[in-house]
Amino acid sequence: MEIVLSGIRPTGNLHLGNYFGAVKNFVKMQHENNAFFFIADYHSLTTHPTPNDLHGNVKQVLAEYLACGLNPDVATIYVQSDLPEIAELYLLLNMNSYLGELERTTSFKDKVRTQPNNVNAGLLTYPVLMAADILIHRAKKVPVGKDQEQNLEMARKFAKRFNNLYNVQYFDEPTPFNFGEELIKIPGLDGSGKMGKSEGNGIYLIDDDKTIRSKVMKAKTDAGPTIPNQKMPEEIVNLFTIANIVSEKDTVNVFRNKYNDCTIRYGDFKKQLAEDIIKFTSPIRERVLEIHANEQYLKKVVKLGAEKARVSASKTIKEVREIIGFKSF
Ligand code: TRP
């Protein structure tokens, strides 16, 4: 089975967009591959070097991903900082990565703009750490969104360069993992194209029923159709897109027909939509709360994950040290 790997930044809670984007595919992927998932807590320091509650953030994302179905008995699920081998490989790869290419990375240039007072070296070498994450297990496939493509390209470059410099065929070049079917994009509730944390238009898996009802009732709508079969404005298409995922087909059809003959009452549609979202998210929310409260279980999960991950990580570090020429006396 092929090794696929993905890092998860411990920032914020999962929303429906995350769920139907990456998370659901991760859950599926773990059964078809030798899957590695880790919480990228080292990486989070590049933007927040003095986090208020680093451990709490790690615990929360871990609980959420487990609640969504990542299975520690199937996949290798670990915390990045539990594997110092990654830090060592990062150090070694840093010797073969150059200021010019790192400065030219799009994400680095963005950060220079957005956090001009904290342009730290970790930020500059973010792609090197990401390459270390991948190469430490000699992973072949990495599921990445558009925003991470350049980082993956850098990882390929560093892998190839390592081979060239030390005249070995050691690292394979990791390639993007494509989720067979089209990724489902969940729109925001504000008429925008995409549900996202920064947009503040999202429904979170841990939102309680009341919050979900209130968010859905406040979703943007127009004045309503006046001409039969009139073209839907984007904000209404968005609500139907979400309904298509969480509601019964018949329910969606009823409201679609009502839209088409101009009898739809958006209030009724939203009420139904909110209940259907709740039906979908509330079991997940309950599992998040349950897992989050179970310290023993979480401890077991990360311990097992680190143990499993260390098998390939320590092997790689040992071999890389040999290749470079470190020898013990
Ligand atoms: N950079 C990724 C992100 O921002 C997270 C990440 C860290 C990652 N290391 C990785 C993803 C290794 C894939 C492989 O989402």
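1. The protein chain of this predicted model is built from 14 helices and five strands. Along the principal axes, the C-alpha atoms occupy a box of roughly 80 × 45 × 40 Å.

2. The chain has 329 residues, and 47% of them count as buried. Its exposed surface comes to about 17,000 Å², with 52% of that area supplied by carbon and sulfur atoms.

3. On contact order: taking contacts between residues at least 6 apart in sequence, 78% join residues that are at least 24 apart.

4. The ligand has 13 residues around it, and those that come nearest are Gly-7, Arg-9, Tyr-126, Asp-133 and Gln-148. By class, this shell consists of seven nonpolar, four polar and two charged residues.

5. Two elements, strand 1 (3–8) and helix 8 (126–135), each supply at least two residues of the shell. Helix 8 gives the most, with four residues.

6. Arg-9 places a polar side-chain atom 2.7 Å from a ligand oxygen atom. For Tyr-126, a polar side-chain atom lies 2.7 Å from a nitrogen atom of the ligand. In the side chain of Gln-148, an N or O atom is 2.9 Å from a ligand nitrogen atom. The ligand on its own has 370 Å² of accessible area, and the protein covers 93% of it.

Technical notes: Residues are numbered from 1 along each chain as its sequence is written. This is a predicted model: local features need pLDDT of at least 70, side-chain atom pairs count only at pLDDT 80 or more; totals for chains, interfaces and linings use all residues. Side-chain values use heavy atoms; hydrogens and water are left out. A residue is near a molecule or strand if one of its heavy atoms lies within 4 Å of it. A polar contact is a pair of N or O atoms within 3.5 Å; within protein, one must be able to donate a hydrogen and the other to accept it, and residues adjacent in sequence count only if both atoms are side-chain atoms. Accessible areas come from the Shrake-Rupley method with a 1.4 Å probe; for residues, only the protein chains shown count as cover. Ala, Val, Leu, Ile, Met, Phe, Trp, Tyr, Cys and Pro count as nonpolar, Asp, Glu, Lys and Arg as charged, and the others, Gly among them, as polar. Buried means under 20% relative accessible area, exposed over 50%, partly exposed in between (1.4 Å probe, protein chains only). Contact means heavy atoms within 4.5 Å.
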